[in-house]
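I opened the notebook to look a few things up in this one. Here is the structure, and my entries follow.

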Amino acid sequence: MCTSNHMAGAVRLAQARYPDGMFALFLAAAAQASLSANNYSIDEPMPAHSPVLVWWDEFNGTSLDTRKWSFDTSRNKQGWYNGELQYYAANRPENLRLAKGILTIEARKDPEALQSYPDWGGQKYSAAKITTQAKASFRYGFVEVRAKLPCAVGTWPAIWLMPAGSAPWPEGGEIDVMEHVGSQPHVVHATLHTKLFNHVMHTGRGAEYPVPTSCEAFHRYQLSWTPAAITIGVDDHAYMRVRNDQPGGTGAWPFDTRFYLILNLALGGDWAAPKGMDDAALPQRFEVDYVRVWKTK
């Protein structure tokens, strides 16, 4: 999932890399660049983690635990990147609620209800995005999120991590544990972004994996992160690994600093909705049973 710093970071990267006369060609190419990659596939068990649980949320309350999470509404007025169409609401039960131990993020088409919000940017669709930024961050570990995904055309749920520091995208890195787009249902994607390896430069590193019941059943989406490698899988099956074995320093491997967690359900964009939105399928729900973080062995 590209960040709110995506455009500014990509522009700076391109200006440094390309002569002025090539800049327009870069922008055109970037618009067509896939946000995922399928070049680091593996097929093996997920690495083991230690029994030491360092952070968790079981969502057993009646409202979001604001000691652990914050709503991200920062780009509502300007609009979100990647061609996304949603307004991210805060403290709106239509878009985020807890019940019976499940966190539900719901995407809706309800422009009339959004017009009264002062940060409304004209969006027709609403959803929610929550992060642990400034509340919890991690350097290495094993992350597991048990979730059930929406499958309608135009939906784009994600589980991902961003650096807790101030480095702009993509220099600071990005870890996409799970992305699922309605244009490719029942397939999940794992991707890493860095300064030297990212979709804008067509050097992205990642993999995709079929999960035939991703939208009908809960599955455990997993990240094993050590100084030597990042491994991502589903239900204890690893399908992507990127090792810390490339030259380039932090340009290739910025994953030795603290990162925070993000859960969101985006709508639209060139990847999730190249053929438009399926409004008739809304509302759609991204349901999360728990988030758990252990130490790695």
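**Entry 1: a salt bridge to start with**

Which residue does Arg 285 form a salt bridge with? I looked it up, keeping in mind that this is a predicted model. The partner is Glu 106, and the closest N and O atoms are 2.8 Å apart. I then checked where the two sit: Arg 285 is in strand β18 (residues 284–296) and Glu 106 is in strand β6, so this pair links distant parts of the chain, 179 residues apart. Glu 106 has a relative accessible area of 2%, so I put it down as buried. Arg 285 comes out at 38%, which means partly exposed.

**Entry 2: Asp 110 and its partners**

I went on to Asp 110, which forms a salt bridge with Arg 92, the closest N and O atoms being 2.9 Å apart. Asp 110 lies in the loop between β6 (102–109) and α3 (111–114), while Arg 92 is in the loop between β4 (86–88) and β5 (96–99), so the pair ties together parts that are 18 residues apart in sequence. The cut-off I used for buried is under 20%.

Asp 110 also forms a salt bridge with Arg 108, and here the closest N and O atoms are 3.7 Å apart. Arg 108 is partly exposed, at 28% relative accessibility.

**Entry 3: the disulfide**

How many disulfides does the structure hold? I found one. It is formed by Cys 151 and Cys 215, with their sulfur atoms 1.9 Å apart. Cys 151 lies in the loop between β9 (141–148) and β10 (155–163), and Cys 215 in the loop between β13 (205–210) and β14 (219–225), so this pair ties together parts that are 64 residues apart in sequence. I looked up the torsion about the S-S bond as well: it is about 70°, so the disulfide is right-handed. Both Cys 151 and Cys 215 are buried.

**Entry 4: the nonpolar core**

I wanted to know which residues have the most contacts inside the largest nonpolar core. They are Ile 175, Ile 230 and Leu 263, in a core of 70 residues. Strand β17 (residues 259–267) gives the most to this core, with eight residues. A reminder to myself: in soluble globular proteins, nonpolar side chains tend to be buried together.

Leaving aside its neighbours within four places in sequence, its contacts include Ile 175, Leu 192, Leu 223, Trp 225, Met 240, Val 242, Trp 253 and Phe 255. Ser 224 and Arg 241 are also among them.

**Entry 5: the whole protein**

I noted three helices and 18 strands. Of the 297 residues, 54% count as buried. Taking contacts with a separation of 6 or more, I found that 74% are between residues 24 or more positions apart. The accessible surface comes to about 12500 Å², and 52% of it belongs to carbon and sulfur atoms.

Notes: Residues are numbered from 1 along each chain as its sequence is written. This is a predicted model: local features need pLDDT of at least 70, side-chain atom pairs count only at pLDDT 80 or more; totals for chains, interfaces and linings use all residues. Side-chain values use heavy atoms; hydrogens and water are left out. A disulfide is a pair of cysteine sulfur atoms within 2.5 Å. Helices (H or I, at least four residues) and strands (E, at least two) are DSSP runs, numbered from the N terminus. Buried means under 20% relative accessible area, exposed over 50%, partly exposed in between (1.4 Å probe, protein chains only). A nonpolar core is a set of buried Ala, Val, Leu, Ile, Met, Phe, Trp, Tyr and Cys residues joined through side-chain atoms within 4.5 Å. Contact means heavy atoms within 4.5 Å. A salt bridge is a side-chain nitrogen of Lys or Arg within 4 Å of a carboxyl oxygen of Asp or Glu. Accessible areas come from the Shrake-Rupley method with a 1.4 Å probe; for residues, only the protein chains shown count as cover.
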